[in-house]
Amino acid sequence: MNVLVINAGSSSLKYQLLNTKTREVFAKGNAERIGIDGSFIGHSEHGGPKAKTPVELPDHRTALQEIFKLLKSVDVKIEGIGHRVVQGGWYFPESAVVTDETLAQVREVAPLAPLHNYAEADVIEICRDMYPELGNVIVPDTAFHYNMPEHAWRYALPRDVVEKYHIRKYGAHGTSHRYIWRTVNEFTGGSTHKLVSCHLGSGASLCAIEDGRCMDTTMGLTPLDGLIMGTRCGTLDPATVFYLYREAGMSIDEIDTMMNKQSGFLAISENTSDVRDIRDGAAAGDEKCLLALDMFIYKVVAQGAAMIASMSGVDTITFTGGIGENDWATRQAVCECFEWMGVRVDREKNKSMCSGKTGVISTAGSSVTVMVLPTDEEYMIACDVERLSK
């Protein structure tokens, strides 16, 4: 089935047209700075170089119109559209066909992810309007975590508050973690039972997966919780918000912006949110960059131990995402911190496993299988479109 996968943000729109059987990617690209001066579309076909074209994009409808014009040159019939939705809230334990009701639900839960859900709902509506003959499917990032055990998702807050405002751990990156589980399970012939999936990039989360079920994850009510990330602070004492409000005179919006967009690697290094630049700085002896890496690795190990505890053990650890797939030194440091439980990594294999490669990096004598796996959320979304279109 030829599926167009769309990932819409407040001022951006990523897309990929692929076939679910052959996994061939016919075209992919991104529309950036929608509604902002200097907007453009980057587009590539059949794995070729990306051509960046300046084009006025006042809104998402215009962006979609321009993208569909580009896709005509590929000469592939689109048979369905899949939409990545960041927050499925309390409505979506799994992916769902778009209807008037499910679209309204995406909007209803938007306060949990206001920068994403509103734009995603608008794009879904535009696609339905432009191509009413095509089926659309919602694939929420939170769905994979929906049925984790209650002791993992519930917060120790008054029940009436929790139920009225739907406060719980929702997690994120669920589509990626689900893909990693499926791929590892196939790779190991079903011998994997307790997996810690490490999705490490500018956004980062860990997930404990036992026989296909999410047992716990590091992101919480929103993607701010958990690990240190490119510009997000990760887990901290919630009273920090009250303290800054009272003592620093910061508004709630200012604190929100600081914690989501001005923290993480950017705050610690005081220079960059890109771990590649931080790695270069650390190699040159920059103490702030060294600290940023030490803090990140510590948090991955500490929260990774919590994931292992949630399953009472682990037999497989996987690394994916921009950092997980390409930063061998971070993988090495994380795994060495787990040597006490028998994790052993082949240093040379680990060094060679970058740039989209898939494989095992643990030694034959390791008590835990350690793998590097490039994630493919678009393929996972396309598979859901195919499954729900039958």
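Modeller: Two strands pair if DSSP finds at least two bridges between them. Helices (H or I, at least four residues) and strands (E, at least two) are DSSP runs, numbered from the N terminus. This is a predicted model, in which local features need pLDDT of at least 70 and side-chain atom pairs count only at pLDDT 80 or more, while totals for chains, interfaces and linings use all residues. Residues are numbered from 1 along each chain as its sequence is written, and side-chain values use heavy atoms, with hydrogens and water left out.

Biologist: Which strand is joined to β9 by five bridges, and in which direction do the two run?

Modeller: Strands of a sheet pair through backbone hydrogen bonds, either parallel or antiparallel. Here β9 is joined by five bridges to strand β12 (residues 316-320), and the two run parallel. In that pairing, H199 stands opposite T320 in β12. Strand β10 (residues 204-210) is joined to β9 by seven bridges and runs antiparallel to it; there H199 stands opposite S205. With three residues between them, β9 and β10 form a hairpin.

Biologist: How many disulfides are counted?

Modeller: A disulfide is a covalent bond between the sulfur atoms of two cysteines. The rule applied here requires a pair of cysteine sulfur atoms within 2.5 Å, and by this rule the count is zero. For C127, the nearest cysteine sulfur is that of C383, 19 Å away. C127 is buried, at 0% relative accessible area. For C198, the nearest cysteine sulfur belongs to C335 and lies 8.0 Å away.

Biologist: What is the strand order in the open sheet of eight strands?

Modeller: The order is β5-β4-β3-β2-β1-β6-β8-β7, with mixed pairing. The edge strands, β5 (51-54) and β7 (96-97), each pair on one side only. Strands β2 (residues 12-19) and β3 (residues 25-32) run antiparallel and are joined by seven bridges; the bridge partner of L18 is V25 in β3. Helix α1 (residues 60-72) packs on this sheet, touching β1 (2-8), β2, β3, β4 (40-45) and β6 (80-85). Contact means heavy atoms within 4.5 Å. The direction of α1 makes about 30° with that of β2.

Biologist: Is S12 buried or exposed?

Modeller: S12, in strand β2, counts as buried at 19% relative accessibility. Not counting residues up to four places away in sequence, S12 touches N7, A31, E32, I34 and H60.

Biologist: At roughly what angle do the axes of helices α6 and α15 cross?

Modeller: Two packed helices are described by the angle between their axes and the distance between the axes. Axes are lines fitted to C-alpha atoms, for helices over the stretch in contact, and angles run from 0 to 180 degrees between N-to-C directions. The axes of α6 (residues 174-187) and α15 (residues 377-388) come within 9 Å and cross at roughly 85°. That makes α6 roughly perpendicular to α15 (under 35 degrees is roughly parallel, over 145 roughly antiparallel, 65 to 115 roughly perpendicular, and the rest oblique). T175, S176, R178, Y179 and R182 in α6 meet E377, Y379, M380, I381, C383 and D384 in α15.

Key:
Buried means under 20% relative accessible area, exposed over 50%, partly exposed in between (1.4 Å probe, protein chains only).
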